[in-house]
Each structure stands twice: as C-alpha cells, then as structure tokens.
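My notes follow in the order in which I looked.

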Amino acid sequence: MKFQGKTALITGSGTGIGRAIAKKFVENGASVIILGRRREPLEDAAGMLEGIISQKNTGSTVRIFSGVDVSEEKGINDMFAALKNDGIVVDYIINNAGVSGPVTCFANAPLDEFKSTVKIHLTGTFWCSVQGLQVMKEGGKIITISTFFTEERPLEQRPYRFRSPYTASQGAKNRLAEAMSWELVDRGIISIATNPGPVHSDRIYKTVYPKAASEFMRVSGFESLDPEHVDAASKELLPLLGEGEAVVKEGVAKAAEKLGADADTLASLLEKIQSIAEKVQNNTSHMIANREFLSQEQVAESVLNLCDEEISRILNGKVVPGDRVFYPVKAHIGTATPGVHQPDFGDAVVFTVDAGTMRDAKRVEFLARHVEKNGAKAACFISSNAPPEVQEYISSRFHSHVIDVASPDEVGRWLDTARKNIGQIRAVVHVTGSLADTRLTGLSRAEWDGLVEKFILTPSMVSQKALEQFVPGGGRDPRLYKDAKGAVMIIGPDLPVGKKITGAQRAQTEVFRGALRPFTTTVNQELSDVLRSRVRIFTILPGTVSGAEPDDKKIADALNFLVSESAASSALVTFCVDESR
C-alpha cells in the first residue's frame, strides 16, 4: 500500500495503458481520477477498480470524468474547477492520452488531422499539467508518457515514417517535460517524461502497423489498383484484420461491390497488408534483446516507480529512455553545411515570414539579397501579425505582400501567384522568428495555442503547400514524386542570445525546436526512401547554447547547400549552424 492516501489523475484511462496505470495505482492503495471521451469504457474501468478497492479494503475512491477531450480547453478547465471546489489534492498527474494520428506520407496528411494530433498529444499534455497545478501541492509529480522514436541521442534523430504529426508533437512533449521541471522547481513539483518503447496494444497491432502497411501499398501500387484505389480499398479492408475467415470473405465481397473492384484482387491486397504489418512488427522485435514488447502492466509498473519519492527526485527533468530498442540510424543533425561554390536558385525563392522583431527582418533582408545577388528573384510573404515596422522594412526592399501565413488557402494561393508571375520556385524559406522569454506554465490557453501555431503548425503547413508546388497532385498520387526536385527551409526558432542565459530560457525554446527536428527527419525519410524524390525539407536552428549572436552568413551557406544536387543525398537535414559541436 505504498500510495495509500494519495490521489492520481490519469488521462486516457478508460482503456489500454491508462487503464493499466489506474489499476496499478489502486492495487497500491491510491485513489484515482479517470477521464476520457467515452463514458462506457470509463464505467467499465471504474467497476474493475472498485472491485480491487473492495477486495483490499483500502478506503480509496474512483472518480470519473467522461466526455473530457484533453485537447479541448473547457473540459479540462471544468474538471479541475470541480476538483478544486471539492477540496481534492492531486498528487500525481499522468499524461497518457494519445492517438495514432494520420498514418500516411506527410504530403498526403490532412492538415486538420495533423493539427488534431498535435492538440491531443502536446497541447493536451500542456494544458492538463498547467490546470492541474491548482490542485497540486509541494511534492506533486507530473509524469508524461511519450515515444522512443522522438528522443534524441548525440547527432542522431530517429525517423518514424508516415507519422509526422505524431513525431512532431511527441518530440515537443519530451522537451516540455524538461521545461516544466525548470519552471516548477520553486513550487516543489517534479516533471519527468518516459518513453516505454513498443507496447502490446490494439492501437499498434490493429491501427499503426496495418495503416503503415497500406500506405506502403498506396505508394507502390498493387496489381491493377492505382494509389487512390488502394487507399479507398484499405479503408474498407483494414477493419477485417483479425476477424474469422467467414467475416473476412463477406467483408471483402462487400468492399468489392462498393468500390466496383475485383474481389480476388482485394483479398490479395488484404493478405499483402497483413504480411507487411507482421514483417514490421517482427523487424522491430529483432531490435530488442529478448524480442519482447512490453506489456501494458509493465509500463504501469514503470510509471509508479517514477512516482516514488526518492526516484522522482533523482530523475526530475529527465526523459527516461526506457525503450530497450537498438535502433541504428544515420546521423540527421549537423552543424556547418558543406560549402557550395555557386548555388542554383533557379527563377525564384519565396520567403514566408512569421517573424516579430527587427532582428528577424534584417535576417530576411540578408537572405533575400543573397538570393538576388545569385541571379534569382526573391518574393516575401509577410505575416499580417508581424509588427508594422517589420512589414514596412521588408516591403520597402523586396517584392512583398502581407498575408495570413497561418491560412493554408492563402499561402497556397500566393505561392501559385509567385510561380505564375515570377517563375518556377526553386525553394521556399519559412522564417519562424524567435520565442520571447516567457514562463510557459504561466501562459493562457490562447497564448499557448498561438505559440504552437507559430512554431509547429504554420511551418508544417507551409512545407506541405511548398510540396504541392513542387509536385502538383503528389499527395494523391505519390508516383509523381519520383525524381522531382524542390527545397524547403524552416529557420528558427533561435536559441536565446545573451551573456547570462538560464536553463529555463533554453528549455522553453527547445520545446518547439524539439518538434521540428523529428518532423524534419521523418518527412525527409519519406521523401527520399519511400517516394524516391529529390525534394528535401531542411530545418536550420540558429544560435548557441552559450548565448552567442547567430551568424546569418551561415544560414545563407545552408541555403546554398539546400539547392545543390548533393543535398538530395545528404542524411543530415537539421543544422545547428552556429554550434561547433
């Protein structure tokens, strides 16, 4: 009864890992608060938990909050207001809720699903943690569950093909756990993240692996089916996996009738998808010493260990790499880019500018002049949210328009206009601007949402709109990407500049840099290894951990490399150009 008298709140706790964590807490004497979107699984879980409490006679309680979507502000606000009103003290918040998100090449990923995935994983974790502070006291613990695919090692970043919104949000989530440890130390509250690695679950077996297998088939095609037909067929066929022979046969027949396809072809497609999904699972297991995925109960046990008083003090601010997976990858993160004697910027380079300071404006001026000195035209689309002096400074020097850079339709329309009026676009450069020094855990929800929009959602959206320029129709028909060319560069956010930069300041910026690194790595693996294109997305992260002023000349050198032929064969895709290590 190690947690007797304690209360744990677990998000996404009606099923899966969240339910296993709630069970483990109750078995150790704790009261639990379980929440999720659907009432039925929560009520089922509550019945199981109350049975354990009765058997052990601990006097603990189970409280349900159904209809709570962690990505939505109101449900979280109302839940914690109710707990505060009832005088409940929460000792442990376990950020577990998550979704698989779209499992497809980034070029084909619907932007609304991209945004939803980030809202659930990253914003849900942030807002539940921040609102939970009002019912926590000194000694409280916030444990965040993330994924091993986005945790970084020296000069390394693991790609997770077809999962770009998932990797972006999970990468930021790891860095958020670190940032919260800095910001909450004065309140005596501990923040830890854990990456359990592959876990036995319906999500991975029935959703992630099969969807990844069907995406491989969409990209490569299957027999007489083109990519769009493979996609439509997969949506009908995937629910049949794991069902009995009679159910599968009937389902295939219905799908064939609905789609006007040959039943034997669809049956073969389903068999192929299942074979690839099993191969992916098998390959992953061979990267583990004992070839065993963790059980949900083992993950729950590790979470409770992290809630231990002594262990949590030792690990405060850490991301625990508990994945056990030996996953060898090439280096994806570098410093200086290789030199290029004469860059080929083609007809035009387009800058989309979401910057907010004159320092950012002068960076855009430097890069745009560099492009024009090398024979291309520069067009600048400036955010309507940028300060007037930034808009005026850039507009007075280059062909520019003030637009809503967060609007997919508007960005797409202006890229079309640039191509028609100026010429073929060789590269799109997106400038995020820098993060102002701010305490993240003190932000309002609107302020937080604005940062996520600025540093994660807008760069990814601009990247996708640029891909549509380079390969029109490529999202629907991935065959069009083969040997296509194009370049996207995301610049920023910068590390803070100054002689006395605190760990908290660096950690705040790293939340958003931590999203862009795995995003860039994942998308580039799709573009090169899956789609066989020569299109690339680079991310440039200016600044140094020592607080030195960034050098825009080094960013220009990176842009030179990005448009070179050698960039398409480079494994390095994220460059910390001002760092020497």
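I count two strands as paired if DSSP finds at least two bridges between them, and strands (E, at least two residues) and helices (H or I, at least four) are DSSP runs numbered from the N terminus. The model is predicted, so that local features need pLDDT of at least 70 and side-chain atom pairs count only at pLDDT 80 or more, while totals for chains, interfaces and linings use all residues. Residues are numbered from 1 along each chain as its sequence is written, and side-chain values use heavy atoms, with hydrogens and water left out.

I looked up the sheet, which is open and has eight strands in the order S10-S17-S16-S15-S14-S11-S12-S13, with parallel pairing. Strands S10 (333-334) and S13 (399-403) are at the edges with a single partner strand each, so one side of each has no neighbour in the sheet.

I then checked S11 (residues 348-353), where six of six residues are buried (under 20% relative accessible area, 1.4 Å probe, protein chains only). Ala348, Val350 and Thr352 point one way from S11, whereas Val349, Phe351 and Val353 point the other way. S11 pairs with S12 (residues 377-383) in the parallel sense over six bridges, and the bridge partner of phenylalanine 351 in S12 is cysteine 380.

Next I noted that S15 (residues 485-491) and S16 (residues 534-540) run parallel, joined by seven bridges, with lysine 485 opposite arginine 534 in S16.

Methods. Buried < 20%, exposed > 50% of the residue type's maximum accessible area, 1.4 Å probe, protein only.
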